[in-house]
Amino acid sequence: MRTLTRLDTDSRRARRELDGHIQGDGPLARHTVKSTGQRHAGHASFHESAAKHVTGKAAYIDDLKTPPDTLHVALGLSPVAHGLLTRLELDAVKQAPGVIDVITFHDVPGHTDIGPVFPGDPLFVENDISYAGQCLFAVAATTLQAARRAVKLAVIAIDEQPASLDPVAAAQRKELVRPTHVQERGDWQQALQQASQVIENELFIGGQEHFYLEGQACVVLPTEDEGVIVHTSNQHPSETQKLVAEVLGIPFHAVTVEVRRMGGGFGGKETQASPWACIAAIITRRTGKATRLRLPRSEDMRATGKRHPFHSHYRLAIDANGVIEAGDITLIGDCGYSPDLSDAIVDRAMFHADNAYSLGKARVTGYRAKTHTASNTAFRGFGGPQGMMIIEAAMDDIARKIGVDPLVIRKRNFYRNGYDITHYGQHVDQLKLLHGLVEKLEMDSEYWARRQSIGEFNMASPVIKKGLALTPVKFGISFTAQHLNQAGALLHVYTDGSVMINHGGTEMGQGLHTKICQVVARELGLDLEQVRITATRTDKVPNTSPTAASSGADLNGMAARNAAHKLRERLFDFAASHSAWGLDREEMRLENGMLVAGLGESERRIPWGELVQTAYLNRISLSEKGFYATPLIHYNRATGQGRPFYYYAFGAAVAEVSVDTLSGEYQVDRVDILHDVGNSLNPAIDIGQVEGGFIQGMGWLTTEELKWNDKGVLVSDSPATYKIPTFGDLPATFNVALLEGHPNSMASLYRSKAVGEPPFMLSISVWSALRDALSSLTQYQLSPRLDTPATSERVLLAAQALREKAL
């Protein structure tokens, strides 16, 4: 007890000493200390739930209080990847202690297929089993333990059939979840035939588990009008509302979906959070009781889709300087058993098969291969990272063939004047930004001095080899499905002057809600503390788009700004017409909690609270809705041409690695990043997104290996067998900066740029640096084949293969 008392005393003393020193909006080294009145959009501010996160007060689905008679759900999943369900005997399950309800395919009152865009996703198996982990039945019991015990009592007979697990073979057999799509520009065939040099290669790019900290989870409550309220960890509340309503056979307005926050999403909760809400809703309506469903980690990993693995091939015509003249690129996406979002994901991979380089006359073909695995789905980058990998591999390969540094080849092939049209017909603007950003990073990171030093080190070191690479990112921002590029917001001002904002985006830790509050505070001239945000709900802002495609702040921020702007103008009109004030409408503005009218000696100031109260007493509405739709974007799928993106975000990273070529073990020594976010909405949050995106991408390319057995059962289904990056994987030196002085060329929110997905692809620099280190084994004459994830085993095999070729 004496020790505890001493520790408590020390803790209090430490807090007193630190009081006033650790403050503001982020680490002091990033110059984000709070300035009075400067926490609105464009300035750094801490996350709106930061204190709740670190104190444990932030409520996630498992923290929600429910009635004492709440039911708990466990699922019966298929143990095989492909077959015919011949027997499903559930009598023992129904009679098990604590079991209240058991449901199968035949108990679904409405739609049985919940495919988000195209059909193909049955809620339960009726006859055909398409992957190991597919849902056969659900059990609801008084406790979770009772439900899990009961699931094991089911008698299941399956006529197992061979599983199709090879997407390349599936594509050759034309086993596809969606038709093949082609984008082409110019006579690429003739250019390849007449080329003086042609280079080609192929690459396997592995998938990735989302590994969100909060798994798939929901709580469903019955309502008195035969509807339901769904609390869910979900990136697309409106879609879940639609699917739950269709499964129950009731109108959309009878279903309310609420999302306060997620413990991570990364795309894994864009479409694949809906099935669990649908199952829980059926049980709730059948029993009249609240229902809770949360997937255990191993079941979550087996039952849900991943980032799409890709098998890619390029064939490029190059000149004597390594400049691409024409190309033919083929991308085969492993889509799993159903379409899900694969059409758009493979499209985006195709859109990004050029990354920052002009392909000249080119064709890009995308196949959507069907395999007997869980339906692969959205994941940060949405196919873009897989598309970029093949052209980045080509840059390294060209460099080795020509005999110059890969950075030289990359810069020669950048989009440039006269070569600024993509293979899908969109003009690439801000070319000076792309070139200038790379040149600045090249200089700031001392790339060439380090290249010289690394060359000398490798000459003297027979086993440990160092590698260095600088890779760029050009990422298109917008949903490629045009209708999704819209958003709404609802703004309330209360009579005490406090403000409530709601919008259609969801918070998964990325700081979207914080940025929206900052936008409203800026538009109304208020301190951020006066603006609060509420949970995303389908009964407040309807028909919303998913929080995805890096567009959460772009779309919802503009909608919130639109609402605040309309309300502000209404208040200005009232203030100008209010006879007791006699204010001039011209030059009227809101700043620092005051309505300011006039200039100089004629300036008048009305406190915000007084303005709001007076407007209320004069029956002026203090509520407003906002809306925004992204302009200009279009894409003609029949021709494969158009402008699918409103703008591009750019970035670049330099990675340095050390590789033990006798064991394959390696470490990332240093990373330097310079990233383009236009005029940053919140530098502290944006830097965090760049750092997090890079580390997550590094895990995808190095340690995160998905493994299935020969029968199609996922064996990497836990943290013991699937390795995400940890603190120990951080580069010893990690320099991250935002590009300053380059606002978005398009009329985005305060000329900012999206920051959710683009930084993910910066991690390609680590993979390229590994290839660079391995290439030194052949005095940089040969470029290694290094599929991803580039595990130590793959690096070792690549080193051995190079040594054999060099003999």
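Tutor: Helices and strands are DSSP runs numbered from the N terminus, a helix having at least four residues and a strand at least two. The model before us is predicted.

Student: Between which two elements is the loop that holds arginine 751?
Tutor: Arginine 751 has a positive phi of about 60° and is not a glycine. Its place in the chain is the loop between β29 (733–738) and α19.

Student: Is arginine 751 buried, partly exposed or exposed?
Tutor: Buried means under 20% relative accessible area and exposed means over 50%, with partly exposed in between. Because the relative accessible area of arginine 751 is 35%, the residue is partly exposed.

Student: Is serine 478 buried or exposed?
Tutor: Serine 478 belongs to the loop between β16 (464–477) and β17 (486–493). Its phi is positive, about 155°, although serine 478 is not a glycine. Since the limit for buried is under 20%, the relative accessibility of 3% means that serine 478 counts as buried.

Student: Which residue is joined to proline 789 by a cis peptide bond?
Tutor: Proline 789 is located in the loop between α19 (764–775) and α20 (792–806). The cis bond has an omega of about 0°, and the partner of proline 789 in it is threonine 788.

Student: Is threonine 70 buried or exposed?
Tutor: Threonine 70 sits in the loop between α2 (50–55) and β1 (71–77). Setting aside neighbours within four places in sequence, threonine 70 is in contact with Ala141, Thr142, Ala290, Thr291 and Arg292. Because its relative accessibility is 4%, threonine 70 counts as buried.

Student: Which residue has its backbone oxygen 2.6 Å from a polar atom of the side chain of threonine 70?
Tutor: A polar contact requires a pair of N or O atoms within 3.5 Å. The distance of 2.6 Å runs from the side chain of threonine 70 to the backbone oxygen of proline 67.

Student: Which elements give two or more residues to the lining of the second largest pocket?
Tutor: The second largest pocket has a volume of about 810 Å³. Its lining comprises 33 residues, and those closest to its centre are Val117, Leu341, Ala481, His483 and Leu484. The elements that supply two or more lining residues are α7 (237–248) and α10 (342–351).

Conventions. Residues are numbered from 1 along each chain as its sequence is written. This is a predicted model: local features need pLDDT of at least 70, side-chain atom pairs count only at pLDDT 80 or more; totals for chains, interfaces and linings use all residues. Side-chain values use heavy atoms; hydrogens and water are left out. On a 1 Å grid over the protein atoms alone, a cavity is a set of points where a 1.4 Å probe fits but cannot get out, and a pocket is an open set with protein on both sides within 12 Å along at least five of seven lines; lining residues have an atom within 4 Å of a point. Grid points are joined across faces, edges and corners, and a volume is the space filled by probe spheres set on the points. Buried means under 20% relative accessible area, exposed over 50%, partly exposed in between (1.4 Å probe, protein chains only). A polar contact is a pair of N or O atoms within 3.5 Å; within protein, one must be able to donate a hydrogen and the other to accept it, and residues adjacent in sequence count only if both atoms are side-chain atoms. Contact means heavy atoms within 4.5 Å.
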